[in-house]
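Here are my notes on this one, jotted down while going through the model. Have a look at the structure first, then read on.

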Amino acid sequence: MNDTIRRSAAAQAAALAAGEITSEDLTCAHLDRIRAVDTDLNAFLHVSEEEALTTARDVDARRSAGEELHPLAGVPIAVKDVAVTEGIPTTAGSKMLEGWLPPYDATLVATLRSAGLPILGKTNMDEFAMGSSTESSAFGPTRNPWDRERIPGGSGGGSSAAVASYEAPLAIGSDTGGSIRQPGAVTGTVGVKPTYGSVSRYGLIALASSLDQAGPVARTVEDAALLHELIAGHDPLDSTSLPDPVGAYAEAAHRKDVRGMRIGVISELEGEGFDPEVRARFTESLAQLEQAGAEIVPISCPNFRYALGAYYLIMPSEASSNLAKFDGMRFGLRVVPEDSPTAESVMKATRGAGFGQEAKRRILLGTYALSAGYYDAYYGSAQKVRTLVQGDFSAAFDQVDVLASPTSPTVAFRLGEKIDDPLAMYLNDIATIPANLAGVPGISVPSGLAEDGLPAGIQFLAPTRADERLYRIGGALEALLEDAWGGPLLAKAPELVSGAN
């Protein structure tokens with residue numbers, strides 16, 4: 001493997017700025033890596049080689065001319081296929097949008113292009129972001145680089161697998177109930193869900209509008225911070241966009257000092273249902289932080305036990321509304337029956353052919369929860385629970401600076417193991433869902449390896465608008481653990497990740 005692509009995005013950016021390498025060479029190296037391993041991984045749904053190289057050459061020319069560029073200019077990036085990209089196919093992992101070429105860019109994609117980051121392509125995902133394993137993609141599952149018989153998490157398993165396997169130094173994900181953080185935990189990468197509204201949702205194909213949030217996928221906390229600083233900021237095209245200035249996330253990641261920080265350990269998210277090996281790595285990480293001067297405080301968030309149930313009423317309800325436009329009449333695929341087609345028969349045939357099993361399941365559940373006579377009993381009650389979860393966060397943050405839990409209750413499970421058991425699949429999000437219900441930011445950082453050699457992750461949550469705290473504690477823990485391990489966790493990965501092509 002080309003040693004350059006094993007560097008962090010920050011190190012690649014520094015090499016570009018110093019003239020040690022060109023963006024064209026760096027982009028070619030990543031494209032070569034994609035060609036070498038992605039047939040096995042299926043992390044990418046589309047590789048935009050021509051556009052990426054055009055951007056890279058343009059950045060090289062501008063840099064040679066002495067133009068002042070963004071620090072990440074010339075560093076390649078992958079984008080989850082939920083963000084629309086002008087001229088590049090966008091499918092949201094669904095047959096419903098197969099072959100669609102958007103006529104505009106999502107705001108964050110426009111930002112990436114303006115800053116000069118070559119877009120390597122679009123990454124695989126669960127259909128319309130519905131899933132925890134990337135197995136519900138209409139275009140086949142993505143495989144975990146640590147073990148190709150296991151899942152890479154979901155819904156953004158393509159982005160996490162691409163970053164973990166050195167196909168891309170950075171990626172964009174989206175997180176509705178943990179779809180950035182849970183893939184990060186099971187692939188040994190860093191995933192961040194920013195404060196709701198701090199990164200524009202304009203141009204993201206919506207699953208659940210009150211829960212969806214785009215964010216960075218990276219191999220280091222610093223890299224995630226740099227990407228977060230780039231894509232964050234107010235967007236007048238997004239009615240939920242916050243007017244706040246962008247935080248100094250990279251500076252916080254460099255601080256690496258947790259003395260005096262109070263870390264709340266959520267008692268409801270560390271016991272029954274969490275694998276002993278995952279809990280062991282979690283406990284070891286907390287011990288490192290305590291030794292470095294942090295204070296560990298037990299915290300109870302009693303309403304978190306109801307968060308999973310509330311989420312799986314709110315999210316399908318919003319999904320059924322958002323996906324109603326894919327009806328064979330307005331957007332997406334159209335299937336026309338042969339005999340005297342009517343509007344109803346076209347809609348039925350289109351939605352039957354265009355949506356996969358998981359999408360249909362959630363649309364039906366959401367439509368039922370919103371139906372007359374059931375709205376108050378289901379959707380309305382779930383929203384009341386959401387308020388209680390937000391109250392638990394508020395009370396907890398009166399006592400501590402950040403909250404901590406394992407990111408996922410288990411390491412990566414085997415492909416096919418849970419695909420026919422929706423309830424077991426949904427439980428993978430038990431630790432990540434509360435943050436989306438409350439809109440608070442969260443980060444997943446690698447916490448070590450289980451006995452079977454698979455990575456686990458630790459999650460930190462901060463109050464809304466306090467994303468800097470995540471980078472401060474994430475950067476500190478990353479440094480502490482890498483000192484203990486003798487290097488990054490990915491250095492311990494199997495040959496597909498760390499070896500030669």
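1. Let me start with Ser179. This is a predicted model, and in it Ser179 is in contact with Lys80, Gly131, Gly154, Ser155, Gly156 and Ser174, leaving aside neighbours within four places in sequence. Ser179 sits in the loop that runs between strand 4 (170–174) and helix 6 (181–187).

2. UniProt, in an unreviewed entry, lists Lys80, Ser155 and Ser179 under "active site". They span 100 residues in sequence, but no two of their C-alpha atoms are more than 10.9 Å apart, so they gather at one spot. Of these residues, Ser179 is included in the lining of the largest cavity.

3. Now Ser155. Its place is the loop between strand 3 (119–123) and helix 5 (157–164), and Ser155 is buried, with a relative accessible area of 0%. Which residues does Ser155 touch, not counting those up to four places away in sequence? The list is Lys80, Asn124, Met125, Asp126, Ala129, Met130, Gly131, Thr134 and Ser179.

4. One detail on the two serines is worth checking on screen. A polar atom of the Ser179 side chain lies 3.0 Å from the backbone nitrogen of Ser155.

5. Away from that spot, take a look at Asp60 in helix 3 (residues 49–64). Asp60 is buried yet has no salt bridge. The nearest side chain of opposite charge belongs to Arg63, and it is 4.7 Å away, whereas a salt bridge needs a nitrogen within 4 Å of a carboxyl oxygen. Not counting residues up to four places away in sequence, Asp60 touches Thr22, Ser23 and Glu24.

6. Last, helix 4 (residues 107–115). Which of its residues are buried? They are Thr107, Leu108, Val109, Leu112 and Ala115. What do these buried residues pack against? Their partners are strand 2 (77–80), strand 3, strand 4, strand 6 (214–218) and helix 7 (221–231). Just past the end of helix 4 comes Gly116, which takes a positive phi of about 85 degrees.

Note on methods: Residues are numbered from 1 along each chain as its sequence is written. This is a predicted model: local features need pLDDT of at least 70, side-chain atom pairs count only at pLDDT 80 or more; totals for chains, interfaces and linings use all residues. Side-chain values use heavy atoms; hydrogens and water are left out. UniProt positions are given in the numbering used here, feature names are shortened, and annotations may be inferred rather than shown by experiment. On a 1 Å grid over the protein atoms alone, a cavity is a set of points where a 1.4 Å probe fits but cannot get out, and a pocket is an open set with protein on both sides within 12 Å along at least five of seven lines; lining residues have an atom within 4 Å of a point. Helices (H or I, at least four residues) and strands (E, at least two) are DSSP runs, numbered from the N terminus. Buried means under 20% relative accessible area, exposed over 50%, partly exposed in between (1.4 Å probe, protein chains only). Contact means heavy atoms within 4.5 Å. A polar contact is a pair of N or O atoms within 3.5 Å; within protein, one must be able to donate a hydrogen and the other to accept it, and residues adjacent in sequence count only if both atoms are side-chain atoms. Lys and Arg count as positive and Asp and Glu as negative; His and the chain ends are not counted.
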